[in-house]
Amino acid sequence: MMLRHTKPLLKKLRYLSALGQKAWRSHSSSARERALHYGSGQKIHGFTVEQVTAIPDLFLTAVKLSHDNTGAQYLHLARDDSNNLFSVQFRTTPKDSTGVPHILEHTVLCGSEKYPCRDPFFKMLNRSLSTFMNAFTASDYTMYPFSTQNAKDFQNLLSVYLDAVFFPRLRELDFWQEGWRLENENPTDPKSPLVFKGVVFNEMKGAFTDNESLYAQFLQNKLYPDHTYSVVSGGEPLAIPDLTWEQLKQFHATHYHPSNARILTYGDLPLDQHLKQIHEEALSRFQRTKPDTDVPPQPHWDKPREHHVTCGPDALAPDPTKQNTVCMSYLLGDITDTFEAFTLNLLSSLMVSGPNSPFYKSLIEPKIGTDFSSVVGYDGSTKEASFSVGLQGIAEKDIECVKHIIGQTIDDIIANGFEEERIEALLHKLEVQMKHQSTSFGLTLASYVATSWNHDGDPVELLKISENVTRFRQCLKDNPQYLQEKVKHYFKDNTHRLTLSMSPDESYFEQQEKAEAEKLKQKVEALSDNDRKQIYEKGLELLSIQSATQDASCLPALKVSDIQRTIPVTPVEMGNAGGVPVQYCAQPTNGMVYFRALCSLNTLPDDLKLYVPLFCNVITKMGSGGMDYRQQAQQIELKTGGMSVSPEVIPDPADLDMYEQGIILNSSCLERNLPDMLHLWSDLFNSAHFDDEARLRVLVLMAAQELSNGVSHSGHMYAMLRAGRTLTPAGELQEAFSGMDQVKFMKRIAEMSDLTAVLRKLPRIKKHLLNPENMRCAVNATPQQMSAVSTEVEKFVGVIARKKKDRKVARLNVIEKPLDPMAGSGFIPGSGASRKLISEPTFKPCQMKTYFQLPFPVNYVSECVRTVPYTHQDYASLCILGRLVSAKFLHGEIREKGGAYGGGARMGSGGIFAFYSYRDPNSVQTLSAFRNGVEWSKAGQFSQQDIDEAQLSVFSSVDAPVAPSDKGLNRLLYGVSDEMKQKLREELFAVTHKSLTDVANRYLGIGQRTCGVAILGPANESINKDPSWVVR
């Protein structure tokens, strides 16, 4: 996987958590306390302890060690969290754009000394209960992390990961498959033309269609032109075919050495055991070397520079004449200076975050463009950080104007500084983010320390967030001009400044194709007859290896018997606040309160439905009560961890032709701020502002731009939504809210010259939606706070206005079901807390094939089949079948043979069985692969071992950890109780070979199935000529 930018500090910290739940291991004292017993200088299994530090803010103890023989650096973060993580990272500093670190990252996972089978990485996904497994290539490091809650699984995965990175086989055919190769278009026909193939080659072709990431890539290459940052570490599509297998092996030998490694473990498992296994299985076989991988400082320019680049036109852009981007980037200081980096990160947020920031006021509000440039604010993903600010979606004539505004805004900041309340709001945000508990805390920490540690910064210093906050406050107290002086130094007086503009070129994709054809021609013309013969023979060899049944018996695996048979029950209490049902769930939330509410859409007229996502997007951003939108934004930052609203379509767990439609309000705050947060919500219910057309336009342009930019990232999701659209009543609404229909709708809204008509619709929508008559709430907080919380919720419900009159249900077929999923058949509608579902008993699913022609060089393909709801006895078999056909058939056909970046099948809770592919060079051929997958399933060409692996894989997601903030939500929002989950669990355990072939025949076989198909991709002759396709 290619990773481009590390997130700014505040975004990273959003996931920093303090998981209060204990994972019951066989020891009495906590992991944090045990780790404090290590002493500096202590020797353990070939390692020496260097430093032991308690980090009370994050509820952990950090133990820093180094490996005696090799100098490998090691950091252990001991914390009472059962979701244990391992990560190893290497500093990888390529000197060209062949994508060598990225292709190596793929190839090391294709088999190793101890585990010589093909693709142990993908096979382990089905042999473990991992909560995370992946690998990332950044600009200057490559990282291999996994996490799991099972101690035996941790040892298994650790063994596979260590062997993969330190002792990979790096076979030539794996390099061909994962990197690039010349091969006959049809590998079995030596007369078919030679073409480029390869997984990374296609992945990067896809990545280079995304203008946002293209811009970010160019910006980095031009701002740091003198070393490794001037090249594309992921690989530039036309440079990838210059990489040889020998160069790949050489890069591994020099970079993947323990002397160039940093290893991190996290969680409540004992450190000694980790050290013993890592030393014995890997590090003991190496001696220290001096890796030449340091990144020197970028020489400072004595005057600013400008560059211009081109990109492909955006078919979904709100205004085709406004597709330019311009941005100014400044080189800042070394990221290993932890406090300076912390300060610059906060300074960056003050300059660009939210409607009160100076750059938002000067660049976004005049509506010169649609949104900030794709790279904005502080970026600490390189050895020396940078700060960027600019606009996308601007007309060419406005480029000079934007440059002038940026200079002027910097002068204004130096003159005026920042309001104290904005600084407080930012520091409050940090406090909330440290208290918030996420389930992937280990991964967040590993990513957070990776970049600085990669350049020999101190990872422990990075974790001392409170100390940095205290020091920051002191600096402001000692020198009121502290921040302005930083702005003057780093921005006003900084000559290392790059201005990069990017404009669309109608012939961009054509030129890319021509360049690829030219590259291919050069490669092919240089071949002798013997070379061609060898290429054909190697192609056949690769095909036969890809098609052969693989023996994975060398790999370690958990057994189905290792999975817990029952799930722990989450206790909840149902209450009532002024007629509104409220679910209270007591959890160790570490002093945070989480408030959610679901409001029904049932009374909303159909003509307003498409506007619901826009309403959700803007309702918390236009002002309310006595506050304009700026004051509102400030209060949200000062008093909450965020307030958001999103549309939700909830398929009924028991009936595919029933669904609930609504919006979900989501928010969190520190306990002391609960009255303030609920007051902010009641202001929205009672007096939201919808009177500022200029403000609405800013929000519309940003929303439309974000949707348009997202299509190339999430093409497979759009394809699946469209393919499922005509199969269930809920599908139509899901497509309207989240699919290509919504992307096109927002493009139309953004093109309107006057938004007054849209503005008038918003209060109409609010009247139907923000109404306690059809609302239910959920609160998660600590047990000690529950009575105080319920008092506040009652006050909140008491002050929000009831609107009883003239609220007819827009559609009459509403079915009432009890809110308690286990209430059974004795429920009388109107008698108590209920869910009001829309029922369409006469719904007729129909088959539709839709093709969205977009200027991408790769396809996103999906076929969806209507099957059964969550509570049906066949649902479990379909879940297992999805994993089974993905791992054992589709992975080989779509990724290995087809060269797509990804593909598979999955069963959705709404009863839709979906096949999909991602960044795929093929389109119609992939649909054949889906069909062949169905035939394979019907024929039962799989073993009991295959079924066991699919069960493990399904349970690893069923049993993924749930954060205290989210416990109990499935019950209140989706009508799925712990008892229903336990019943599904038992059915998953009971799946057999026969039940799998039965469901394949019953639901997926031709004739008795209802399916939809959708493809997003480049112009396609065969589809254009086929009348069964609707081309958009």
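Residues are numbered from 1 along each chain as its sequence is written. Because the model is predicted, local features need pLDDT of at least 70 and side-chain atom pairs count only at pLDDT 80 or more, whereas totals for chains, interfaces and linings use all residues; side-chain values use heavy atoms, without hydrogens or water.

I begin with helix α5 (residues 151–166) and helix α10 (residues 271–281), whose axes lie 10 Å apart at an angle of about 30°. Axes are lines fitted to C-alpha atoms over the stretch in contact, and angles run from 0 to 180 degrees between N-to-C directions. The two helices, α5 and α10, are therefore roughly parallel, a term for angles under 35 degrees. Their contact (heavy atoms within 4.5 Å) includes Phe-154 and Leu-158 of α5 and His-274 and Ile-278 of α10.

The second pair is helix α32 (residues 944–958) and helix α34 (residues 978–989), whose axes come within 11 Å and cross at roughly 165°. That makes α32 roughly antiparallel to α34, the term for angles over 145 degrees. Here Gln-951, Val-954, Phe-955 and Val-958 in α32 meet Arg-985, Leu-988 and Phe-989 in α34.

Finally, I turn to Ser-373, found in the loop between β14 (371–372) and β15 (377–379). Is Ser-373 buried or exposed? With 3% relative accessibility, Ser-373 counts as buried, that is, under 20% relative accessible area with a 1.4 Å probe, protein chains only. Its side chain reaches the backbone oxygen of Val-375 at 3.0 Å. Leaving aside residues up to four places away in sequence, Ser-373 touches several residues, among them Tyr-215, Cys-327 and Leu-391.

Conventions:
Helix = DSSP H or I, 4+ residues; strand = E, 2+ residues; numbered from the N terminus. Parallel < 35°, antiparallel > 145°, perpendicular 65-115°, else oblique. Buried < 20%, exposed > 50% of the residue type's maximum accessible area, 1.4 Å probe, protein only. Polar contact = N/O pair within 3.5 Å; in protein donor to acceptor, adjacent residues only side chain to side chain.
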